[in-house]
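Subject: Structure handover

Dear colleague,

I am passing on the structure we spoke about, and I would be glad if you kept it open beside this message while you read. My notes on what was found in it follow directly below.

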Amino acid sequence: MKIIGLADDEVDKDLRAAGIGMSVAEARSIAAVLGRDPTLPELFNYDAMWSEHCSYKSSRATLKEFLPTDGPNVVMGPVEDAGIVAIDDEWCVVISHESHNHPSQILPNEGAATGIGGIVRDVNCMGAKVVATADPLRFGDPYGPSANKVRWVAEGVVDGIWQYGDALGVPIMAGDIVFDESFDNNCLVNVVAIGVVKKDEIIRSRAPLGAGEGGYDVILVGKPTDSSGLGGVVFASEALREEEEATNRGAVQIPDPFLKNILFKANEDLFRLVREEGVEIGFKDLGGGGFTCASSEMGAAGGFGMELDLDLMHTAGEFPPEVLCIAETQERFLIISPPEHRERILEIYNKDWDLPGAAGAKASVVGKICTHDRYIVRDKGEKVIDVPIQHLTGGIRYERESKPRKIDLFEPDLVMPEDMNAVMLKLLSSPNIASREHVYRYYDTEVQGNARIRPGEADAGLIVPVRGKGFGIALAVDSNPFYGRISPYWAGATAVAEAMRNVACIGATPSTLTDCLNFGNPEKPEAFWEFREATRGLADSAKRLWLKGYPGQPVPIVSGNVSFYNEAPEGSIDPSPVVACVGIISDAEKAVTMELKEAKDRIYLIGRRYDELGGSEYYREIFNETGANVPQVRFEEERAMIHATIDAIDRGLAVSAHDISNGGLAISTSEMAIAQEVRLGLDLEIDGCGDASLSSDRLLFSESSGILLEVPANRAKELEELIRGFNLEPFDLGSVTDEAKLVIKRRGAPLIDLDLAEARDAWTSGLEEAIE
């Protein structure tokens with residue numbers, strides 16, 4: 001394609017006419033390095049590899065500046081498709097975190113399903129068995145002007161997730177949902193997957209040592225390549241526009257969980273072969289950027305070049321070379337392996353598991369690894385791509401301007417409603433607080449037989465994935481976009497803190513974090529400032545909340561994703577740094593859930609109440625206000641709360657636990673009573689758990705962080721001693737009763753006297769009404 005010698009406007013016109021999204025300056029820089037005009041396939045390859053989605057060209061410097069990625073338990077940080085941390089001396093947990101936002105807004109079912117499909121491949125290609133997933137979701141206002149489309153998107157996304165996950169045989173063990181008008185035209189579908197692998201059986205997503213000298217094979221496995229998902233990474237790196245919706249549908253991939261199931265089983269045989277033979281291979285999934293991204297990244301990571309022949313690729317028809325290179329056809333993997341094992345590897349996929357009988361899938365040798373530094377692709381006997389492999393994969397870097405957003409916020413002067421029972425019922429039925437049972441009832445959590453704590457039973461899910469081992473893996477996800485609207489920094493910090501509290505509240509110790517950073521257009525200084533502030537906030541929490549048992553050691557962030565351009569002409573989404581936390585509990589039998597256990601038990605609060613109603617459900621639902629006093633993370637106090645809770649559960653002092661977040665103290669206490677069948681109640685006194693000058697509604701609904709613990713009365717003194725040992729104040733709020741009522745008083749005067757059966761009805765119906 002002609003670049004050299006043309007005026008900028010001519011180059012720009014030709015790029016757009018060809019469907020290439022890169023800038024004129026980027027195209028000129030490529031021509032300068034090549035010393036010639038690039039071919040059309042070369043430009044398409046660079047367009048994919050240099051997209052924001054693949055190259056992190058706007059975000060990489062900020063991530064490197066702030067995020068802690070190392071620790072004593074880290075086996076592999078964020079350098080390949082998934083991060084890995086040690087569970088013990090033998091086993092590791094593998095985790096990956098991604099987004100599939102734009103595709104899910106355009107085609108909700110297919111977009112969400114392929115999001116799950118991609119994330120489980122990321123974990124599997126490290127040699128791991130995929131054991132659980134999570135789905136943090138953000139949708140628009142289900143009662144707003146775009147309600148019909150919001151509900152269509154929400155239902156399609158949920159259907160896509162459960163249909164794919166259930167068919168694949170991987171349980172969805174955690175997740176959360178937030179409804180916010182800023183997501184009306186740009187939903188967020190973030191996905192997390194975890195797996196387990198023995199430390200000495202990890203497989204890398206790169207060409208192994210000696211692969212070039214040995215002329216290792218490049219083997220493409222899976223579905224025949226077609227044009228589906230063409231331009232997906234470029235589509236994900238641009239703002240959504242309604243007039244382009246029909247065109248964008250072609251950038252959404254097509255899922256096939258049943259083929260994926262076969263591939264996973266065949267992969268197990270491949271992993272067994274390389275273990276038995278003592279052979280090192282490279283193994284990587286094909287996701288964003290398709291064949292080009294997977295192959296070039298594997299070669300470059302190993303320090304090798306490669307030569308590929310598209311005529312050897314199994315395809316679903318005749319396609320030009322640029323389509324075969326960057327289409328994002330689902331359910332595919334790439335293997336780099338010694339040629340002496342070629343026949344056995346092909347036999348595993350094509351004969352043992354009969355891939356050709358599954359919609360024309362196959363394993364095909366498509367090229368070889370070389371000692372030179374070129375990425376060479378041939379099509380119909382002609383060389384159509386010949387570029388430096390490190391230049392192709394190295395991407396380009398931008399130093400974006402960062403400018404603080406003007407935030408005109410204030411604390412409203414409001415009068416506390418007289419009928420607090422009515423307030424409680426309205427909050428409990430809010431789609432952002434109501435039970436998620438309407439969603440997770442579709443999820444088959446029992447499919448692998450490893451579930452110990454399921455969605456809805458506690459603040460985190462818990463699985464026991466290795467037979468004969470007593471350890472459990474906890475998983476939780478969190479983020480509050482309403483905090484991001486006020487302060488991106490505190491949104492990032494609180495997301496980490498709450499995810500860690502959630503894991504601690506079942507008795508697990510936070511082991512690692514991942515992040516998915518969802519923001520608007522980074523070319524806009526205010527949006528880039530939001531991204532940097534949120535990243536700084538979550539990094540500060542990770543650094544200052546510490547890995548338990550290692551004072552001063554940050555909790556490592558080993559995987560993640562940046563999703564920019566989450567905006568439409570109507571505006572950008574609220575800043576949404578979504579965090580996942582993985583925790584380890586050495587004896588899963590000690591884990592606790594959040595529902596009340598026995599009458600006469602005591603309820604303790606750790607964490608004072610502060611004047612922090614900014615972004616709260618109380619302000620939004622009752623007064624239609626945002627506020628300004630967003631919850632802040634008091635790092636030393638937060639760290640002590642988390643560690644004290646873990647120890648209290650480990651010693652058997654706390655028999656249930658629940659963190660305080662959306663809706664504050666009043667909602668969290670009620671959730672403990674109505675999480676399962678209503679049979680017990682609470683009689684609580686909240687005076688003293690915050691400054692005496694705070695109004696009662698602030699004590700009830702402030703979303704300052706805190707943890708509620710249920711403790712047998714005969715062990716209350718032990719708990720108090722433990723909490724004080726962490727320099728915390730234990731607040732004895734009251735007791736569990738055998739009457740199904742929530743009674744909350746201040747200075748002896750009743751504030752709430754709520755029938756819990758009525759409360760549970762409101763809580764269990766709110767989400768279903770919002771979506772349907």
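Y565 lies in the loop that runs between β18 (557–563) and β19 (567–568), and please keep in mind here, as throughout this message, that the model is predicted. Although Y565 is not a glycine, its phi is positive, at about 65 degrees. Most residues other than glycine have a negative phi. With a relative accessible area of 7%, Y565 counts as buried, because the cut-off for that word is under 20%.

A positive phi is also found at Y56, another residue other than glycine, where the value is near 55 degrees. Y56 belongs to the loop between α4 (52–55) and α5, and its relative accessible area of 15% means that Y56, too, is classed as buried.

Is T62 buried or exposed? Its relative accessibility is 3%, and so T62 counts as buried. If you set aside the neighbours within four places in sequence, the residues in contact with T62 are F528, F531, R532 and T535.

Q330 is found between α13 (321–326) and β10 (332–337), and its relative accessible area is 2%, which is why it is called buried. The side chain of Q330 makes a polar contact, at 3.2 Å, with the side chain of R121.

L355, for its part, is placed in the loop between α14 (342–352) and β11 (362–370), and with a relative accessible area of 0% it is buried as well. Which residues does L355 touch, once those up to four places away in sequence are not counted? They are V221, G222, L259, I262, L263, Y349, N350, G360, A361 and K362.

The protein is divided into domain 1, which spans 8–49, and domain 2, which spans 204–395. The C-alpha centres of these two domains lie 24 Å apart, and the contact between them takes 15 residues from domain 1 and 21 residues from domain 2. Together the two domains bury about 1400 Å² between them, and 72% of this area is on carbon and sulfur atoms. On the side of domain 1, the residues that lose the most area to domain 2 are N45, Y46 and M49, which together account for 43% of what that side buries.

What does the rule find across this interface by way of salt bridges and polar contacts? It finds zero salt bridges, whereas five residue pairs are in polar contact. The elements giving two or more residues to the side of domain 1 that touches domain 2 are α2 (24–34) and α3 (40–49), and of these α3 gives the most, with nine residues. Sorted by class, that side of domain 1 has nine nonpolar, three polar and three charged residues.

With best wishes for your reading,
A colleague

Terms used: Residues are numbered from 1 along each chain as its sequence is written. This is a predicted model: local features need pLDDT of at least 70, side-chain atom pairs count only at pLDDT 80 or more; totals for chains, interfaces and linings use all residues. Side-chain values use heavy atoms; hydrogens and water are left out. Domain bounds come from an automatic or database domain assignment. Contact means heavy atoms within 4.5 Å. Buried area is the accessible area (1.4 Å probe) that two parts lose on being put together, summed over both. A salt bridge is a side-chain nitrogen of Lys or Arg within 4 Å of a carboxyl oxygen of Asp or Glu. A polar contact is a pair of N or O atoms within 3.5 Å; within protein, one must be able to donate a hydrogen and the other to accept it, and residues adjacent in sequence count only if both atoms are side-chain atoms. Helices (H or I, at least four residues) and strands (E, at least two) are DSSP runs, numbered from the N terminus. Ala, Val, Leu, Ile, Met, Phe, Trp, Tyr, Cys and Pro count as nonpolar, Asp, Glu, Lys and Arg as charged, and the others, Gly among them, as polar. Buried means under 20% relative accessible area, exposed over 50%, partly exposed in between (1.4 Å probe, protein chains only).
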